[in-house]
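I want to know where oppositely charged side chains pair up in this protein. I will look up the pairs and then check how exposed each partner is.

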Amino acid sequence: LDKGRLLITRRSMLGTSDTLRDGARVYPVLLQPLSVDDGAMLLRMDQAESSDEEVRASKTLSNMLGGHPLALSVVARLAQAKFGGDRPLTQYLEEHEAQGLGRRK
């Protein structure tokens with residue numbers, strides 16, 4: 001029986017090679033944040049086409065979120081759920097800037 005593989009993400013590191021209760025070995029891999037361009041592509045992944053305005057918004061959001069894949073995918077889904085249509089990221093960014101949430105301190 002093939003046991004397969006499982007990817008688990010977490011914020012804190014496990015030991016260098018811990019063992020789970022069932023005897024499976026765990027090998028940590030440190031993942032780096034995505035570049036602004038790669039993060040922007042992740043934000044737009046479910047869009048068939050993206051206007052220049054959406055590309056700019058996705059790059060701004062990617063930069064604001066520090067390239068963290070989980071944050072990027074959550075924002076992409078929130079923007080699509082709230083705004084749908086053809087420019088959800090632009091509308092999401094506009095709303096957050098209007099509320100002052102996009103400012104860095």
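These entries follow the salt bridges, pair by pair.

**Entry 1: the count.** I am working with a predicted model. I searched the whole structure and got 4 salt bridges.

**Entry 2: Lys59 and Asp37.** I looked up this pair and found a salt bridge, with the closest N and O atoms 3.5 Å apart. That is within the 4 Å cut-off, so the pair counts. Where do Lys59 and Asp37 lie? Lys59 is in helix α2 (residues 52-64), and Asp37 is in helix α1 (residues 36-43). The pair therefore ties together parts that are 22 residues apart in sequence. Lys59 is partly exposed, at 36% relative accessible area. Asp37 is also partly exposed, at 43%.

**Entry 3: Lys82 and Glu95.** Here I found another salt bridge, at 2.9 Å from N to O. I traced Lys82 to helix α3 (residues 69-83) and Glu95 to helix α4 (residues 88-98), so this bridge ties together parts 13 residues apart in sequence. Glu95 is partly exposed, with 23%.

**Entry 4: Glu94 and Arg87.** Glu94 is partly exposed, with a relative accessible area of 41%. Arg87 is partly exposed as well, with 24%. Which residues join into one network? I noted Glu53, Arg87 and Glu94, linked by salt bridges that share partners.

Note on methods:
Residues are numbered from 1 along each chain as its sequence is written. This is a predicted model: local features need pLDDT of at least 70, side-chain atom pairs count only at pLDDT 80 or more; totals for chains, interfaces and linings use all residues. Side-chain values use heavy atoms; hydrogens and water are left out. A salt bridge is a side-chain nitrogen of Lys or Arg within 4 Å of a carboxyl oxygen of Asp or Glu. Helices (H or I, at least four residues) and strands (E, at least two) are DSSP runs, numbered from the N terminus. Buried means under 20% relative accessible area, exposed over 50%, partly exposed in between (1.4 Å probe, protein chains only).
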